[in-house]
Amino acid sequence: MIRLYKLLGLVLGAVAVILALFPFYWMLRTAVAPADGNALTGLSLIPAELDLSNFARAWDRANLGSAMLNGITVTLGILLLQLLTCIPAAYALARFRFRGAGVLLGLVLACLLIPSQATLIPTFVGLNLLGLGDTKIGLVLPFVTSAIGIFMLRQQMLSIPDAIMEAARTDGLGPLRTLISVVVPMSAPSIAAFSMLSIFTHWNDYLWPLLVARSPEIMTPPLTLAIFQNADTGFDYPALSAAAAIVTAPVIILFLLAQRHFVRGMAGPEVAG
């Protein structure tokens, strides 16, 4: 009976994986289908012939080179600012005792309860009043810190043994040196997990760039892909799928390279530490 349950679990797991990966496979299948036919007709899982020119056509017609560069600049800019703000904030909340620490932590948790969509319009109006609309700074500025990042890193830093922190103080390390030399290395799994989460979120973000970016020169990949989809492409589904594959490829490659660190970081302090 136990073996039957295990077999059933394996079958259900395999079915779930197939269902999850099938849209990606169909995107790739459509991306290499001949452009002169209707890529959505027929039930063939494998195209009769391959046409890799769809990728070159999508790259040129959708202006993906500029969009990818903008996406990298904005995403890495947000990540750098979030790490510079979240790590010290999490360190202070985890390792220091001061009046108001509980209130600050409560504010961080309260921020997690506010839907991001609820603050889009006030933030958009404020940026335009500052003259930062339709700029890359406007794409980055609202995300200089992250409540989920502060909370994740704080939980990891709480798991660092007090004996290690006391040993650092005994060696004459100040708070900043302790943060750099002790806390950050021991919190590396959570930092890596949060970094990947931030990259995935802001690389794929569509709503905020849709509000801010009006000039083609600063548009990010999801926004460029949406414009390419709505353009008069003559229903060029192979080129559209090829563009989607190009935009998706960086985050998939990043996840495959760093999935071990992501899983360790998301597993929690007890496992990741």
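Which residues is phenylalanine 55 in contact with, leaving aside its neighbours within four places in sequence? I looked them up: Ala31, Val32, Ala242, Ala245 and Ile246, where contact means heavy atoms within 4.5 Å.

A note on the source. I am reading a predicted model, where local features need pLDDT of at least 70 and side-chain atom pairs count only at pLDDT 80 or more, while totals for chains, interfaces and linings use all residues. Residues are numbered from 1 along each chain as its sequence is written, and side-chain values use heavy atoms, with hydrogens and water left out.

Back to phenylalanine 55. I find this residue in helix α2, residues 53-61 (helices are DSSP runs of H or I, at least four residues, numbered from the N terminus). Phenylalanine 55 is partly exposed, as its relative accessible area is 24% (partly exposed lies between buried, under 20%, and exposed, over 50%, with a 1.4 Å probe and protein chains only). Alanine 239 sits 184 residues away from phenylalanine 55 in sequence, yet their C-alpha atoms are 6.4 Å apart.

Next I checked two positive phi values. Asparagine 63, in the loop between α2 and α3, is not a glycine but has a phi of about 55°. Asparagine 63 is also partly exposed, at 43% relative accessible area. Aspartate 134, another non-glycine, has a phi near 60°; I place aspartate 134 in the loop between α5 (120-129) and α6 (136-140).
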